[in-house]
Amino acid sequence: MKQRKKIFAAKAVLLAVSILVLTGCGEKEEESPRTEVAEAQLDVPQVEAVADDGGEQGEAKEGDAGADQDADTAKAQSDKQEQGEEMDIVIHRTKEEWDEITLQERAGTGHWNVIGNYNEKTWAVQVLLSALLLLAHLLSYTRKVKWAAKFMLGVINLFIGIVFFAWYGTEPVQKIFALPLYLLCGMLFLLESWRNKEDVVEKPNGIQAVLLMLYLLYPAVSLLLGNSFPQMVTHIMPCPVISLRIAVYAGYMVSWCLRER
């Protein structure tokens, strides 16, 4: 009986221990999911917090990027506006500078355009007139046709007045001032050649020789100054002809002076 009691007591102790062990394990097993859930619940806010921080940082970055883009756009618009203002200033300055060009500079440019058109369209006639002028002076200086030089000077002055100034001239001074003078000189030379046919041209003195030399050198000087055909000075043009007619007409001796000799 005593042995059975001992065995029963041992089994009871084992059963109690087993129950206690099972109970402890069950509590541990029940606690562990709860712990995991609690830890998970604790982790979720952290993740959410991290996510919120990441979202806020992303939004902040996007905001910064947007601000940078806005700043770049504003800067580009400002640069374009400045460039437009600079272009307006350049155009405005160009117009002002053009308005400030003096009348003499415009007249000088127009004068060379007249010379170019005149030489380009009349070079053949100029060659013919130069040959006739040379022949007339030879006849006058040799006293075969005494009035020939005055006659050709009249023809050339009329040609320059009508063709150079009236036809090709563009400036008011060419038509209002120069044209009447050359027409008047041309008619006076023709009248002189008809009324005083017996006047004799003498050999040129020093001043007359210089004037004749200037007349001959006009085209060469124009080339040396950097001009080129057609915008260059030729022999059948206003300035050279002035030198020629002063030198030639000053060399004429009127007939009554010759008779007194």
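**Figure 1. Phenylalanine 189 in helix α4 of the predicted model.** In this predicted model, phenylalanine 189 lies in helix α4, which covers residues 172-195. Phenylalanine 189 counts as buried because its relative accessible area is 10%, and buried means under 20%. When the neighbours within four places in sequence are left aside, the residues in contact with phenylalanine 189 are Lys150, Leu153, Gly154, Asn157, Arg245 and Tyr249. Among these partners, Leu153 and Asn157 belong to the residues of helix α3 that meet helix α6, and Arg245 and Tyr249 belong to the residues of α6 that meet α3.

**Figure 2. The packing of helices α3 and α4.** The axes of α3 and α4 come within 7 Å of each other and cross at roughly 160°. The two helices are therefore roughly antiparallel, since an angle over 145 degrees counts as such. The crossing in which α3 passes α4 is left-handed. Sorted by class, the residues of this contact divide into 16 nonpolar, 6 polar and 3 charged.

**Figure 3. The packing of helices α3 and α6.** Helix α3, made of residues 148-167, packs with α6 at an angle of about 160°, and their axes are 11 Å apart. This angle makes α3 roughly antiparallel to α6, and the crossing of the two helices is left-handed. On the side of α3, the residues that take part are Ala149, Lys150, Leu153, Ile156, Asn157, Ile160, Phe164 and Phe165, and they meet Pro238, Val241, Leu244, Arg245, Val248 and Tyr249 in α6. By class, the contact of α3 with α6 has 11 nonpolar, 1 polar and 2 charged residues.

**Figure 4. The packing of helices α5 and α6.** The axes of α5 and α6, the latter formed by residues 238-250, come within 8 Å and cross at roughly 155°. It follows that α5 and α6 are roughly antiparallel to each other, and α5 passes α6 in a left-handed crossing. From α5, the residues Gln208, Leu211, Leu212, Tyr215 and Tyr218 meet a set in α6 that consists of Cys239, Pro240, Val241, Ser243, Leu244, Ile246, Ala247, Val248 and Ala250. Divided by class, this contact has 12 nonpolar residues, 2 polar residues and no charged residues. Val241, Leu244 and Val248 are named here among the α6 residues that meet α5, and they are also named among the α6 residues that meet α3.

**Figure 5. Glutamine 208 and valine 221, two residues of helix α5.** Glutamine 208 lies in α5, which runs over residues 206-224, and valine 221 has its place in this helix as well. Glutamine 208 is buried, with a relative accessible area of 8%, whereas valine 221 counts as partly exposed at 42% relative accessibility. Apart from its neighbours within four places in sequence, glutamine 208 is in contact with Lys203, Ala247, Ala250 and Gly251. Valine 221 can be viewed together with valine 233, which is 12 residues away along the chain and whose C-alpha atom is separated by 8.6 Å from that of valine 221.

**Figure 6. Backbone details in two loops.** Most residues other than glycine have a negative phi, and most peptide bonds are trans. In the loop between α2 (103-141) and α3, arginine 143 has a positive phi of about 65° although it is not a glycine. Arginine 143 is partly exposed, with a relative accessible area of 43%. In the loop between α5 and α6, where proline 230 has its place, the peptide bond from phenylalanine 229 to proline 230 is cis, with omega near 10°.

**Figure 7. The whole protein, as a setting for the close-up views.** The protein has 7 helices and 2 strands, and from the N terminus on its elements run in the order α-α-α-α-β-α-α-β-α. Of the 261 residues in the protein, 24% are buried. Among the contacts between residues at least 6 apart in sequence, 75% join residues that are at least 24 apart. The protein exposes about 18,600 Å², and carbon and sulfur atoms supply 64% of this area.

Terms used
Residues numbered from 1 in each chain as written. Predicted model: local features only at pLDDT ≥ 70, side-chain atom pairs only at ≥ 80, totals over all residues. Heavy atoms only, no water. Helix = DSSP H or I, 4+ residues; strand = E, 2+ residues; numbered from the N terminus. Buried < 20%, exposed > 50% of the residue type's maximum accessible area, 1.4 Å probe, protein only. Contact = heavy atoms within 4.5 Å. Axes fitted to C-alpha atoms, helices over the stretch in contact; angles between N-to-C directions. Parallel < 35°, antiparallel > 145°, perpendicular 65-115°, else oblique. Left-handed = near helix turned anticlockwise from the far one by under 90°. Nonpolar A, V, L, I, M, F, W, Y, C, P; charged D, E, K, R; others polar. Areas by Shrake-Rupley, 256 points an atom, 1.4 Å probe, with all protein chains shown as cover.
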